Amino acid sequence: MLLLRDTTTTRELADAVRDHTALVRDSHAGHPDHASLGRKFTATLRAAAGSGLYEDTLGPALVAKAAGTEPERAIGDLLTELPFLPKKALSEGGHRAFTRGLSEFLHYYESSGTTGNPVAAPKALDDLVANTINIGELWARILSPADRALILINAPFAPAAYQFEKVLEYLQVLSLRPWVDNITGDYTRVLRLTRELGVNVFVGPPSRLLEMIQFAYRNDEPVPAFEKLFLMAEQTGPAFVRHLERLTGARAYVAAYGSSETGTTAVTCEHRNLHLQTQSYVLELDDASGTRRVDGRPDRGELVVTTLDILARPLLRYRTGDLVEITGTDCPCGVATPLLRTLGRSQDLITLEGNGIRQNDFESAIWAGEENGDTGHIRHTDDAAGQAGKAGADADGSRVPAPRPGTTHVLNYMLVIRDRTILCLATTTGEADAAWTEATTRRIAGLFPGYELALRPVEKLPPLASLGQYLGWKLSRVLDLNDDRNWDRLPAPIRGVVETTLAEYASTTQS
């Protein structure tokens with residue numbers, strides 16, 4: 001997986017790969033090595049005690065107690081004695097989490113800063129190995145060396161693109177990792193390479209995929225006929241998944257869940273279920289009723305993460321701010337670790353006079369017409385690829401209805417709120433006449449009682465709509481101008497884009 005000059009480190013790496021692979025496979029089989037997990041937990045406490053982030057909260061007495069506790073009992077006996085780590089505390093003191101000198105890391109990365117200041121998230125050799133194997137052992141059930149993958153993640157300071165490149169190397173899958181300028185949004189080269197290389201797998205955030213498809217429509221280029229979509233970095237509900245499957249003819253997977261800070265806490269299997277990586281994390285749920293460990297039974301709440309394989313920057317009881325659900329069901333794939341569903345971030349909620357609207361609420365309504373297979377005409381890359389993926393696969397494994405040529409549906413969208421008006425800017429798959437606009441407006445207007453909804457078909461959305469992986473859904477797709485604080489939450493370059501866009505559509509928002 002890694003070519004290293006130092007032979008001692010190479011031997012140690014080979015031992016680490018062997019040991020962690022065995023731990024992963026034992027966990028998948030339903031036989032976790034509790035003693036090994038306890039030793040990892042104790043090692044994490046010991047490492048954290050040497051970082052500035054925990055110098056005031058993790059005393060030597062607790063570390064000594066951990067050293068004297070039997071490994072099998074360490075997590076159960078000691079976890080609740082640890083303080084929570086709020087996102088703000090990590091955001092303000094990210095470098096203080098380091099337990100090693102900077103030269104002992106391999107690559108320097110930072111989080112996107114979606115919910116606060118960017119957090120330092122460099123990759124060390126040991127956590128890179130563990131995370132790669134965690135993902136690779138499940139993706140191997142879906143991918144093979146015959147696949148060719150496009151990694152389209154415009155995040156140079158975040159580790160995701162590099163991490164997934166290493167996973168594909170681990171699986172011996174050819175990959176390419178191009179860059180697309182966020183402002184010009186020119187996908188000409190990406191579309192050409194996808195055609196010429198016969199790429200059949202997309203790896204990246206759904207908003208980036210939508211923007212590429214939008215570019216293809218706008219420039220009369222064929223839409224790539226991927227066979228598999230590996231989606232991540234954004235909240236992607238059932239309606240969004242089905243929409244992307246119809247547009248591409250692929251089978252879509254919400255492929256991984258995690259963050260730059262924590263690494264990948266859940267990974268998909270071939271049945272499109274996210275399996276928690278319990279060999280690398282101690283996971284808890286928190287809500288108004290209290291905090292409890294994830295044990296596989298049905299539950300929901302904010303996910304709290306303690307890392308076990310990131311000794312160079314350990315996190316103890318880190319509050320992610322993400323709302324999740326543990327399904328409490330077994331997966332047909334046979335992997336025995338608990339299944340997770342993401343419910344979005346707590347701040348990704350539009351609250352209009354007590355009416356809470358989430359991303360999937362809106363997307364279920366705006367793409368409801370597709371449930372009859374009545375979607376816009378798809379111009380696939382070539383006939384063979386089109387035949388391979390004429391229809392996507394529904395969540396139960398059945399085929400999503402093939403698109404019908406000559407019809408119009410929303411391709412992508414952005415919401416702008418001002419006073420009592422909500423403007424929905426939308427690109428479409430076909431000609432949007434007055435009758436279609438009126439019918440679509442009626443379908444989604446019920447979500448916003450007391451507000452006037454205006455649907456405006458446009459040729460192109462502002463670049464902000466493709467930045468969900470950086471900003472989250474609410475900041476990238478919902479611009480509430482009734483709250484002046486939203487301007488301050490936007491990065492400076494993006495704020496300029498939004499100001500320009502609003503000036504262009506000012507006459508519509510004021511009508």
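Let's start with helix 3, residues 60-67, where Leu62, Val63 and Ala66 are buried. Buried means under 20% relative accessible area, exposed means over 50%, and partly exposed is in between, with a 1.4 Å probe and protein chains only. Down the axis of helix 3, the buried residues fall within an arc of 100°, so they line one face of the helix. That arc is taken from the directions from the helix axis to the C-beta atoms. On the other side of helix 3, Pro60, Ala61 and Ala67 are exposed.

A word on the model. It is predicted, so local features need pLDDT of at least 70 and side-chain atom pairs count only at pLDDT 80 or more, while totals for chains, interfaces and linings use all residues. Residues are numbered from 1 along each chain as its sequence is written, and side-chain values use heavy atoms, without hydrogens and water. Helices (H or I, at least four residues) and strands (E, at least two) are DSSP runs, numbered from the N terminus.

What do the buried residues of helix 3 pack against? Helix 2 (34-48) and helix 4 (71-78). Contact here means heavy atoms within 4.5 Å. Helix 2 also holds Arg46. Arg46 is exposed, at 51% relative accessible area. From Arg46 to Ala66 is 20 residues in sequence and 8.5 Å in space, C-alpha to C-alpha.

Two strands pair if DSSP finds at least two bridges between them. Three bridges link strand 1 (148-151) and strand 3 (201-204) in the parallel sense. One partner to look for: Leu150 bridges to Phe202 in strand 3.

Next, strand 11, residues 299-307. Seven of its nine residues are buried. Strand 9 (281-287) joins strand 11 by six bridges, antiparallel. There, Tyr281 stands opposite Thr307. Strand 12 (318-326) also runs antiparallel to strand 11, with six bridges. In that pairing, Gly301 stands opposite Val324.

On to the rings. How many aromatic pairs does a search of the whole structure find? It finds 11. Rings of Phe, Tyr and Trp (its six-membered ring) pair if their centres lie within 6.5 Å; planes under 30 degrees apart are stacked, over 60 edge-to-face, and the rest tilted. Phe98 and Phe105 have ring centres 5.1 Å apart and planes at 50°, so that pair is tilted. Phe98 is buried at 13% relative accessible area, and Phe105 is buried at 9%.

Phe240 and Trp367 are also a tilted pair, 5.4 Å centre to centre with 35° between the planes. This pair links distant parts of the chain, 127 residues apart: Phe240 is in helix 10, and Trp367 is in the loop between helix 11 (359-366) and helix 12 (383-388). Both residues are buried. Ring pairs join Phe240, Phe362, Trp367, Tyr413 and Phe448 into a cluster.
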